[in-house]
There are 2 protein chains.
Amino acid sequence: MTMTKRIITNLLRLIALGATVAAIVVMVTSHQSAEVFNLTFTAKFSNEPVFKYFVVAEAIACGYTLVVLILSSRSLLWRLIVILDAVMTAVLTSSISAALAIARVGKKGNSHAGWLPICGQVPKFCDHVTGALVCGFVAAIVYALLLVFSLYSALGPVFGVKP
Amino acid sequence: MTMTKRIITNLLRLIALGATVAAIVVMVTSHQSAEVFNLTFTAKFSNEPVFKYFVVAEAIACGYTLVVLILSSRSLLWRLIVILDAVMTAVLTSSISAALAIARVGKKGNSHAGWLPICGQVPKFCDHVTGALVCGFVAAIVYALLLVFSLYSALGPVFGVKP
């Protein structure tokens, strides 16, 4: 692995680490109480299983990124790392997609199913969730880049006869 | 590429092709009207943007699988195919996760947000969606296997020093 490649990879992993930590912190601190028809209700991420899954997925990616950053000097496991990068890309993509789907219902509702939007009542909660989703999206994109980068350097140019 | 490997890969792609076609057909034919409080409402997949995204994602994977099956005898593009397999795995994972998140709300609702489950009113619609999700899940798993298989045969054994 050349020096430039290692610097780019580690930089991408640092961005992913920051993005996953930010996603976890912003999602976990999302919490707002509102009064609707004299009934107080509290919106928090732990009320929605998909947001819990999002936090768990970001935490797994965060821990993995940290371990790989620490181990980066040893290249014995590089093939395992390419495969685990693919797994992390899938995990992050899955969690951001599920969370986005629910956040969309929270924002716009679904009149056909009778699900009303809740962002009008708990705007701060929605802002937090939006922030967390943006961070999660950055993490997923960075991991996709890392994977393409790893695949490219492992396989060589995209076009060519198989050796 | 050895003969055994080609047979396994093509078999996996055929399963993925069947699963995506089944997912599209079962999802598109989901349609049920119900009467609640003297109001007739119709549940169909096109009322929920996430289910539309699911169908589009499955269609893309289906078309791609077909093209790769036809081109399989030529191996000039094999590196591109490894990368596109990774992209398809991500697309399928994303669509199944988003659809599952919404289907869960349809099945169980979310009492904190005031979203009521709808499966009691439209059980046939829910059965169709469940069937489509199972097919989509099979397709995603098969693509994940294809990717790990391609990575393994492209990179060699998981443990080893980088060449």
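**View 1. Salt bridge between A:D85 and A:R13 in the predicted model.** Over all chains, the count of salt bridges comes to two. The structure shown is a predicted model. In one of these pairs, A:D85 forms a salt bridge with A:R13, with 2.9 Å between the closest N and O atoms. This pair links distant parts of the chain, since A:D85 belongs to helix 3 (residues 78-108) of chain A and A:R13 to helix 1 (residues 3-28) of chain A, 72 residues apart. Both A:D85 and A:R13 are buried.

**View 2. Salt bridge between B:D85 and B:R13.** The closest N and O atoms of B:D85 and B:R13 are 2.9 Å apart. B:D85 lies in helix 3 of chain B and B:R13 in helix 1 (residues 3-28) of chain B; the two are 72 residues apart, and the pair links distant parts of the chain. B:D85 counts as buried because its relative accessibility is 0%. B:R13, at 4% relative accessibility, likewise counts as buried.

**View 3. Patch of positive charge on the surface.** The patch gathers A:K52, B:R104, B:K107 and B:K108. Helix 3 (residues 78-108) of chain B supplies the largest share, three residues. B:K107 is found in this helix and counts as exposed because its relative accessibility is 58%.

View 4. Residues 50-71 of chain A are 100% helix and 0% strand, with end C-alpha atoms 31 Å apart. Residues 78-103 of chain A are also 100% helix and 0% strand, and their end C-alpha atoms lie 36 Å apart.

Conventions: Residues numbered from 1 in each chain as written. Chains lettered and ligands numbered in written order. Predicted model: local features only at pLDDT ≥ 70, side-chain atom pairs only at ≥ 80, totals over all residues. Heavy atoms only, no water. Patch = residues over 30% accessible without salt bridge, like charges linked within 9 Å, V, L, I, M, F, W, Y side chains within 5 Å. Areas by Shrake-Rupley, 256 points an atom, 1.4 Å probe, with all protein chains shown as cover. Salt bridge = Lys/Arg side-chain N within 4 Å of Asp/Glu carboxyl O. Lys, Arg positive; Asp, Glu negative; His and termini not counted. Charge placed at Lys NZ, Arg CZ, Asp CG, Glu CD. Helix = DSSP H or I, 4+ residues; strand = E, 2+ residues; numbered from the N terminus. Buried < 20%, exposed > 50% of the residue type's maximum accessible area, 1.4 Å probe, protein only.
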